[in-house]
Amino acid sequence: MRLWYILFVPFLCGFQITEIMYDPEGSDNNREYIELFLNETNMSDVFFEDLVSSDFLELAQDFSTPYALITEEGFNLTDLNVTVYTTGATIGNGLNNEQDLVLFRTNESILDAVFYVSSRDGARNNGKSLCVEDHLFQECTPTPGMENNLN
């Protein structure tokens, strides 16, 4: 019963990690992001965690869209009409280029979590990000704050 809860709660509440840019071409500084589909989720008590640290989310830009981005301070928000939250100077301990955990939670529950491994999942320093399709992540063209482009 508990396994069902862990597997299906993100889909029932609508909160879902939809895209991860963990290793953009060139420098990662201020270019990594995590995209979320919120479905009206209240983000006031949501934390971000990776394998090393936990961060509070601070609202940086507010738009009325179903998507939100989690970014570092200094991320270029030009032409991004999407709600943006920042975690400070880095997202967690910096999204690791080999593997990392991307987890969002409240004090009461886990909203969604993804563990990526670059050698298995791809999108390492090649201009691609990881996008969800049919509940699986695969390489895609980066589309921060918009529906994923898997072609």
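Two strands count as paired if DSSP finds at least two bridges between them. Helices (H or I, at least four residues) and strands (E, at least two) are DSSP runs, numbered from the N terminus. With that in hand, welcome to this predicted model, in which local features need pLDDT of at least 70, side-chain atom pairs count only at pLDDT 80 or more, and totals for chains, interfaces and linings use all residues. Residues are numbered from 1 along each chain as its sequence is written, and side-chain values use heavy atoms, with hydrogens and water left out.

**The sheet**

- Seven strands form an open sheet with mixed pairing, in the order β5-β7-β6-β2-β1-β10-β11.
- At its edges are β5 (58-61) and β11 (136-140), each pairing on one side only.
- Strand β1 (residues 16-21) runs antiparallel to β10 (residues 129-133), and two bridges join them; here Ile20 has Leu130 as its bridge partner.
- β1 also runs antiparallel to β2 (residues 33-37), this time through five bridges, and Glu19 stands opposite Glu35 in β2.
- Six of the six residues of β1 are buried, where buried means under 20% relative accessible area, exposed over 50%, and partly exposed in between (1.4 Å probe, protein chains only).

**The nonpolar cores**

- A nonpolar core is a set of buried Ala, Val, Leu, Ile, Met, Phe, Trp, Tyr and Cys residues joined through side-chain atoms within 4.5 Å.
- The largest core has 23 residues, and Ile20, Ile34, Leu36, Leu95, Val102 and Phe104 touch the most other members.
- At least two residues of this core come from each of β1, β2, β6, β8 (99-105) and β9 (110-117), and β9 gives the largest share, three residues.
- Another core lies apart from it and has eight residues, among them Leu69, Leu80, Val82 and Val84.
- Leaving out residues up to four places away in sequence, Leu95 touches residues including Ile20, Ile34, Phe48 and Val102; contact means heavy atoms within 4.5 Å.

**Salt bridges**

- There are four salt bridges in the structure, each a side-chain nitrogen of Lys or Arg within 4 Å of a carboxyl oxygen of Asp or Glu.
- Arg124 pairs with Asp23, their closest N and O atoms being 3.3 Å apart. Arg124 is in the loop between α2 (118-121) and β10 and Asp23 in the loop between β1 and β2, so this pair ties together parts 101 residues apart in sequence.
- Arg124 also forms a salt bridge with Glu98, with closest N and O atoms 2.7 Å apart. Glu98 sits in the loop between β7 and β8, so this pair ties together parts 26 residues apart in sequence.
- Asp23 counts as buried because its relative accessibility is 4%, while Arg124 is partly exposed at 37%.
- Arg105 and Glu49 form a salt bridge as well, with closest N and O atoms 2.4 Å apart. Arg105 is in strand β8 and Glu49 in strand β3 (residues 47-49), 56 residues apart.

**Two glutamates in loops**

- Glu72 lies in the loop between β6 (67-71) and β7 (83-86). Glu72 is buried but has no salt bridge, and Arg31, the nearest side chain of opposite charge, is 9.0 Å away. Lys and Arg count as positive here and Asp and Glu as negative, while His and the chain ends are not counted.
- Glu25 is found in the loop between β1 and β2 and counts as partly exposed because its relative accessibility is 46%. Glu25 and Lys128 are 103 residues apart in sequence and 8.5 Å apart in space, C-alpha to C-alpha.
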